[in-house]
Amino acid sequence: MIETWQQQIKAAAAKGEKLAIKGSGSKSFLAPVRVGLTLDTRSHAGIVEYDPKELVIVVKCGTRVADVEKAMADAGQMLAFEPPHFGDDSTIGGTVAAGISGPRRAYAGAVRDFVLGAKVIDGKGDHLSFGGKVMKNVAGFDVSRLLVGSFGSLGVITEVAFKCLPLPKAQATRVFEMDAATAIEAMNRWYAEADPITATTWVDGKLHVRFAGAEPAVNTAVQKRGGEALVNDVDWWRDWREQRHAFFASAKELHRVSCKSTAPATDDMRTAIEWGGALRWVHADEASAAKIRYQASRAGGYASVWRGGASTHASAAQSLSDPLKDIHAKIKASFDPYNVFPSLSSSAGEGARQGG
Amino acid sequence: MQTNLAPFIKDTPQGIEADAILRSCVHCGFCTATCPTYQVLGDELDGPRGRIYLIKQVLEGAEPTKKTQQHLDRCLTCRNCESACPSGVQYGRLVDIGRSVVEEKVGRTALEKATRATLRKALLNKPLFNTAMKIGRAVRPLLPSALKAKVQPLRNAGTWPTAQHARTMIVLDNCVQNAMSPSIDFATARVLDKAGVTLKWVSAGGCCGALSHHLNAHDEAVTKVKANIDAWWPLIEAGAEAIVGTASGCSVMLKDYGHFMQHDAAYAEKAKRVAALSKDVSEVIAAEWPQLKAKVKASSDRISYHPPCTLQHGMKLKGGVEAMLKDIGFDLLPVADSHLCCGSAGTYSVLQPTISEELKSRKLKSLTAEGPSQIATSNIGCMTHLQSGTTLPVKHWIELLDERLA
Amino acid sequence: MLVFERPSETAVASAVDALRKDFGERAVTSHSVREHHSHGEGMRDAGLPDVVVFPETNEEVASIVKLCNQARIPVIAFGTGTSLEGHLKALYGGVCIDLSRMNNILQVNAEDLDCRVQAGVTREQLNAEIRSTGLFFPIDPGANASLGGMSATRASGTNAVRYGTMKENILGLTVVTPDGRIIKTGTRARKSSAGYDLTRLYVGSEGTLGIITEIQLKLYGVPERISAAVCQFDELSNAVNVVITAMQLGIPMARIELLDEVQMDACIKYSKLEGFAAKPTLFMEFHGTDAYVAEQIEQMKSITADYGGSDYRFADKPEDRTKLWKARHDAYWAGMSYKPGNQAFATDSCVPISRLADCIAAAKAEIAKTSLTCMIVGHVGDGNFHVQISFNPDNAQEREQAETAAAQIARIAIGMGGTCTGEHGIGIHKLDALKEEHGEAVDVMRTIKKALDPNNIMNPGKTIPMN
Ligand SMILES: Cc1cc2nc3c(=O)[nH]c(=O)nc-3n(C[C@H](O)[C@H](O)[C@H](O)COP(=O)(O)OP(=O)(O)OC[C@H]3O[C@@H](n4cnc5c(N)ncnc54)[C@H](O)[C@@H]3O)c2cc1C
Ligand code: SF4
Ligand code: SF4
């Protein structure tokens, strides 16, 4: 498969044609507009190497995230950034290229923090390997992390090595009725006080806190913080991660705000808050979009349209200053000198790219 | 560190000693952050690691410049860095060697020479210095404040005890101290008298030699050292138990006599003996403390104490004075950064006034932070230097003890 | 090697003049200052810059870089000069930018658990200044390095297993680009940056892509309970296997450090540790709540018992803990003073945790082939360890043995799916190993370097082999 892709890319480069890369399409709503021949990564699937004792898993790009998670769960391990699938067949390559992480993101780290190495076919058709299988590697530029969130604009990610973490021994979710301001304060303070928190979500007047880790630690935290138990919390968090919760369904236009975790809540728009306060989802309309952007930038962050909005194309790139744009162009050209792959600024969903 | 000393010094005794010291330094820089001049100036080359490196380069054949000399001159020789160094680098020795080599190569300007000579001569010439201090005191009210600061009113020294005990000790005839503050030796004599020891004072032309040594007047220093040894020898033969230094700056030099004279066939042995007998007054008193303590009238005054560098870093005597002061009942206040130099450092305060003043004000700030009623220290240099910046009395701690025994 | 033409003397002279005019006494050309800025630690083969400048603001840094870019003169950033791989050697002369005067902590946002510092702030300075907030910055390489230098080398320390390395703890940067523009990457928002993750690109670029002038860092709350313990072993392999087991069980150790018997001997002597034998040793630290720490310790005890470990010596009091970790941090110096006058190479391999025992055994075998004193110390929890190979630099044979052993150990690690450098970086000493490890991928790195720094003025000759 790799050779075929290499040839296709070389041919496209020679002829000045475009190529696009696609997995299952679960995150297409975020991805660059595709033009030209599409490489379907699902034809390159499978776990290359997984010895749980190594705490590393190496997988091909087209492997279903669900399959990877299943194999790891069988060995008592997990992908700790808790990737949202947004579809049953979502692929590992797409997850890395889109660079989005789930509820555990604020506590365990983002996709990029778990990518130890990656292989990629660049725009010249060369198959290259960056990083490796070790926890720490400072040999040369950190290119494998540049690929995270690159949306296929730099090349075809063919293989990724992830760091594995053991599944927590115990888990409990507690629910607290409180307003947004109180919730923001609590999320930040409890985390600073080193509670074993692995996810937080405030929605519809309720703060959901997931404690996980060793049993005594979870028990102590539950006792200390109180709240109501959430039964079936595994399902609840999965629904939340997959954006199947009613909050998402009812949104006509959804904005994603990434900001400092203590930024004050905006009470005039329907909002959900997760990642300890650092990520906000806001129901919006044409009129309130500008306001949301303004408030986000005041809170040290970014707002972007996630779903349903108009006029989002290219706005991510527009939000970059000139020197940054210049650097982006140069990086893009370093990987893809003949412009075979779509450029980042033609992408539809800037939202995810702020996901990190 | 790897070294490769140049032929001009390689096989000389100085070279061999310097080489061993340089090799023991691993360049870790733990000393640098604690160095007072580094703290003030913030330049690597004004800290011990930088100076060591400069000296290394010079000894390896690099031509030193005026700048090199300035970096070495700015060193207080407080030896704080030695206390901080985990590798046991003998910086004090190395900087002595480095300075003499650099001075040989770079020389001194006429003005520098003149200042240094005048300082030495003035401080070493007893009658002259005495007179100067007397005149200074007489006209003190008329002096501009900067100078006034250096000339303090004299405390009444009281009387020297007359009792002749079987146990005797010798006190060093100290160059500047007797003129500036004779009360210290008198107080020491009275305290030791209470402990059943007669303190003998022999005139030997004054000075332990440290002053000349630090101003790179080696021959003059040797002369001083020999004169002292000659003057004390009969008393040592007669059974004097110790040679007491009442200024820690002198004590540290006395203890170094053995090393200092090691290449002098005639004096090497005697010097070793003298060095072995030399004690700082705090060591001598600590040995007699059980009996003295019983006689002390307690005081609960709030005081702060400044341990001179020569005491804590030079002789590595830490905590002894503080323990006795606490025993007396004094409320000994905590002092931040007590390991740092006050900026007096022998003649440093005259030769490097800016850094010296900065260090003095920092030191006084920490000494007075908790509101003491007086300040104690162990060295005449620190005492007068600190006194010049505060209206609180600054005394030798032995004077405080003497007062509590009176 | 490359491919950089030393600028003409007149070009340099006029740049120096211009810098003198702008910076006065903060542009220094004295030999001793240039010498001090011509090397890091480790092998001290110096290459002198032509001038050292001490800027105080982002704009000043930008003005220096702009000038150098126009005149095609190399620019080398200098933090505290503790890097070990020849990073600072001015191969082609040029301007050294010493960031030590940019040492202000710009913001501490206790509630947001972050802060913004200038590049010259050192890690100890930061921790001293934020102590009162109950927060700390965990990354602690064995030297009191500048945070700019730590960012530029992607440094890590003893607690990477728990808190990660520099790359996981930097939220954003201010960088002066090679053409003298000031850019900001990342934001206060912890998880955001529009477009490519430039922060990650600059972190670890060793001053070859730009000068980092400000850094936004994550901070952490000081845990409720901290407990440190020491366990000694008769066999090195047993100690290593304990680490592997603990990692595979996912025991969230804050720190787990391995010292072999020679290193332990050196540390006992240097740091005056009492009551320890010169045997293979693990230094451990546990963070969390009382109950949680107690449980971690119980789990660890049962593992060490399986491998014949000694009883634990605990250091719960802050001062005892400080002494213990200071001894660990000073291991490099302990090794240096073990053989006064010697030099040392410190290898820096990192391998997948399951290969750690094999790799250390192979490294030991390599050492045994030489007549040199070597010691092993490492942040083994993440598979990283150092062999400090001590040799007499005046003895050509010893030097050659040391070089061969170091290269061989790097090769062994790469062969096991590992890397030649887990934390010290490439500098000039590991350029060949980088090629061996990354093959063609180095081409892309080179292309990026050429694209972002077309005149190759930023620390030329380092990090990326240019041919
Ligand atoms: C005893 C000892 C122990 C060590 N232990 C560790 C350890 O445990 N873990 C570890 O990772 N490292 C360790 N190191 C290596 C060293 O401390 C780190 O590499 C450190 O990050 C270097 O920081 P510095 O400020 O000294 O940088 P410098 O040595 O001054 O510079 C290092 C490199 O970064 C560049 N640079 C510096 N500042 C900037 C800036 N502001 N912008 C752009 N580029 C810049 C320089 O040009 C150079 O290429 C150790 C070193 C020693 C001597
Ligand atoms: S003797 Fe004092 S002033 Fe001189 S280098 Fe050492 S600490 Fe600094
Ligand atoms: S602390 Fe000692 S070994 Fe370290 S640099 Fe200073 S003198 Fe050298």
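Hi everyone, let me start with a count: chain B and chain C are joined by two salt bridges. One of them pairs the side chain of B:Arg49 with that of C:Glu41, at 4.0 Å from N to O. Keep in mind that this is a predicted model.

Staying with chains B and C, there are four residue pairs in polar contact between them, both partners at pLDDT 80 or more. On the chain B side, the elements that give two or more residues are helix H2 (13–24) and helix H4 (48–59). H4(B) supplies the largest share of that side, four residues. By class, the chain B residues that touch chain C are eight nonpolar, six polar and four charged.

How many residues take part in this contact? Chain B brings 18 and chain C brings 21. The area buried between chain B and chain C is about 1,600 Å², and carbon and sulfur atoms give 53% of that.

Now over to the other interface. Two pairs of chains are in contact, and chains A and C share the most contacts. Here 75 residues come from chain C and 68 residues from chain A. Chain C and chain A bury about 6,200 Å² between them, with 63% of it on carbon and sulfur atoms.

What about charges across this one? The interface of chain C and chain A has five salt bridges, and among them is C:Arg181 with A:Asp326, at 2.8 Å from N to O. There are also 16 residue pairs in polar contact, again with both residues at pLDDT 80 or more.

Several elements of chain C give two or more residues to the side that touches chain A, including strand S9 (182–185), helix H9 (236–249), helix H11 (290–306) and helix H17 (441–452). H17(C) gives the most, with eight residues. Sorted by class, that side of chain C has 28 nonpolar, 27 polar and 20 charged residues.

And which chains do not touch? Those are chain A and chain B; their nearest C-alpha atoms are 24 Å apart.

One last stop, at ligand 3. Which residues are closest to ligand 3? They are B:Cys25, B:Cys28, B:Gly29, B:Cys31 and B:Cys85, out of 13 residues that surround this ligand. The shell divides into nine nonpolar, three polar and one charged residues.

Notes. Residues numbered from 1 in each chain as written. Chains lettered and ligands numbered in written order. Predicted model: local features only at pLDDT ≥ 70, side-chain atom pairs only at ≥ 80, totals over all residues. Heavy atoms only, no water. Contact = heavy atoms within 4.5 Å. Buried area = accessible area lost by both parts, 1.4 Å probe. Polar contact = N/O pair within 3.5 Å; in protein donor to acceptor, adjacent residues only side chain to side chain. Nonpolar A, V, L, I, M, F, W, Y, C, P; charged D, E, K, R; others polar. Near = heavy atom within 4 Å.
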